[in-house]
Amino acid sequence: MKISQRAQQLQPSATMKVSAQAKQMIADGIDVINLGIGEPDFETPKNIEQAAIDAIKSGKTSFYTPAAGILPLRTAVADKMASDYGLTGLSASNVAITTGAKMALYSTFQAILDPGDEVLLPEPYWVSYAEQIKLAGGVPISVPVGSSFKVTPADLAAKLTDKTVAFVLNSPENPTGVIYDQQELTALNDWTKAHDVMVITDDIYGQLVYNGASFTSIAQLDDQLDPRIIIISGGSKTYSMTGWRMGYVVADEQLISKISAFLSHATGNPTAVSQYALLEAFTGNQDQVEVMRKAFEDRLNTIYPLLTAIPGFDLPVKPQGAFYLFPDVSGALKISGIATTGEFVSRLLSEAHVALVDGSAFGVKNHVRISYATDMDALKTAMARINKFMVQFK
Ligand code: PLP
């Protein structure tokens, strides 16, 4: 048997690993609260489910769809870019529908990177970016940022080389929940323009913003999509559609045709039934989106004070978007005498029965990621359990 060098270097997704471990403990009868994964706990809205049932019943399942997705869905995404982002002049040929936003990112890296090309990733960054860049032959370059967790042109400039090809921006960000404002985005856009660096903007949490915050994408600073900018998004987070695996890329037409060629060999097409479901998500009734957003907002407002009251958990700035908290736990390590965040999350899981993710999976030391995509009672209980775990060391 042989395993490639590429596969040998590959680690499973840390967030999925923690979650699988927690799910196994729950299956074994242990009362674990899983705050490890970014998986909204709501049912997919009924109208979306019905669209999928109708697609099955009307026989839309027995053929391959075009590799980049069915035309009405690609058109619906282009229309969404006009209505939500104010981007004019886009059509179905600027859109590829993919098997989750993960495949949107994967196929993008495959289409833009040559061996040795560098991609700037502000720390902390979502676990899969770095692995996907490596799988495309590229080199992920971590960019340390200040305590605001927001990258600046100066931070990027410190890591710029003649091999820099792209920069990945995620706002609202996983795992910190920070949102970039228009001024910050303009500065980043000007810098990337001046250095001819492409921007991959991962906007998957764009509709999950709280307490009056608003979302602007770097892609909407101009009326027309700059060919340097690639937009990634999907249905998983906004419509609670993680299991349907529906994402998309919006980009220059030429690039989309190459992404589409890649997808034709990689996935053939995204699942037909799911495409009809996403079409309904984008064109049908939007009431449930606000219901779910409001529920996340209430959870954030409830658990933020509970979390920051736990000894050794430090998170001075309240997040504004996505559904994660990323506290500094240096204090908790000191108080407990536990040496590493890896050991800390493992002790929390085995002793307090709460699953969190070690922040080092996101390239940053001394932090943990807490997902609040879980119901309010479970969240309150989890905070009480973590508090009890910490109080024993005092
Ligand atoms: N981008 C970010 C920042 C994410 O957090 C996730 C999922 O956790 C994804 C992309 C992938 O989403 P999808 O479920 O559509 O593949």
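Author: Start with the overall build. The chain folds into 14 helices and twelve strands. This is a predicted model. The C-alpha trace spans about 60 × 55 × 55 Å along its principal axes. For 394 residues, a compact globule would have a radius of gyration near 21 Å, and the chain agrees because its own value is 21 Å. Buried residues account for 48% of the 394. Take the contacts between residues at least 6 apart in sequence: 72% of them join residues at least 24 apart.

Now the division of the chain. The domain assignment gives domain 1 as 5-44 + 288-391 and domain 2 as 62-283. Their C-alpha centres are 25 Å apart. Where they meet, 32 residues of domain 1 contact 32 residues of domain 2. On the domain 1 side, the elements that give two or more residues are α1 (5-9), α2 (14-27), α11 (287-308) and β9 (324-325). Helix α11 gives the largest share, six residues. By class, this side of domain 1 has 17 nonpolar, nine polar and six charged residues.

An unreviewed entry lists residues 31-386 as "domain: Aminotransferase class I/classII large". In the model, that span is 41% helix and 14% strand.

The shell around the ligand has 13 residues. G100, A101, K102, G234 and S236 come nearest. Helix α5 (residues 100-112) supplies the largest share of this shell, three residues. By class, the shell holds three nonpolar, eight polar and two charged residues.

Follow the chain on from α5. L113 sits in the loop between α5 and β3 (118-122). L113 has 21 other C-beta atoms within 10 Å, so L113 is buried. Leaving out residues up to four places away in sequence, L113 touches I133, A136, G137, G138 and V165. One of these, A136, is 23 residues away along the chain, yet the C-alpha atoms of L113 and A136 are separated by 6.4 Å.

Next, look at the loop between β5 (164-170) and α8 (182-194). P172 lies in that loop. P175 is in the loop between β5 and α8 as well. Both prolines follow a cis bond. The peptide bond joining S171 and P172 is cis, with omega about -10°. The one from N174 to P175 is also cis, with omega near 20°. Most peptide bonds are trans.

Phi of S240 is near 50°, a positive value in a residue other than glycine. R245 is found in the loop between β7 and β8 too. Phi of R245 is near 55°, again positive in a residue other than glycine. Most residues other than glycine have a negative phi. Are S240 and R245 buried or exposed? S240 has 22 C-beta neighbours inside 10 Å, so S240 counts as buried. R245 has 20 other C-beta atoms within 10 Å, so R245 is buried too.

Key
Residues numbered from 1 in each chain as written. Predicted model: local features only at pLDDT ≥ 70, side-chain atom pairs only at ≥ 80, totals over all residues. Near = placed C-beta within 6 Å. Helix = DSSP H or I, 4+ residues; strand = E, 2+ residues; numbered from the N terminus. Nonpolar A, V, L, I, M, F, W, Y, C, P; charged D, E, K, R; others polar. Domains from an automatic or database assignment. Contact = placed C-beta atoms within 7 Å. Rg over C-alpha atoms; globule rule 2.2 N^0.38 Å. Buried ≥ 20, exposed ≤ 12 C-beta atoms within 10 Å, placed from the backbone. UniProt positions renumbered as here; feature names shortened; annotations may be inferred.
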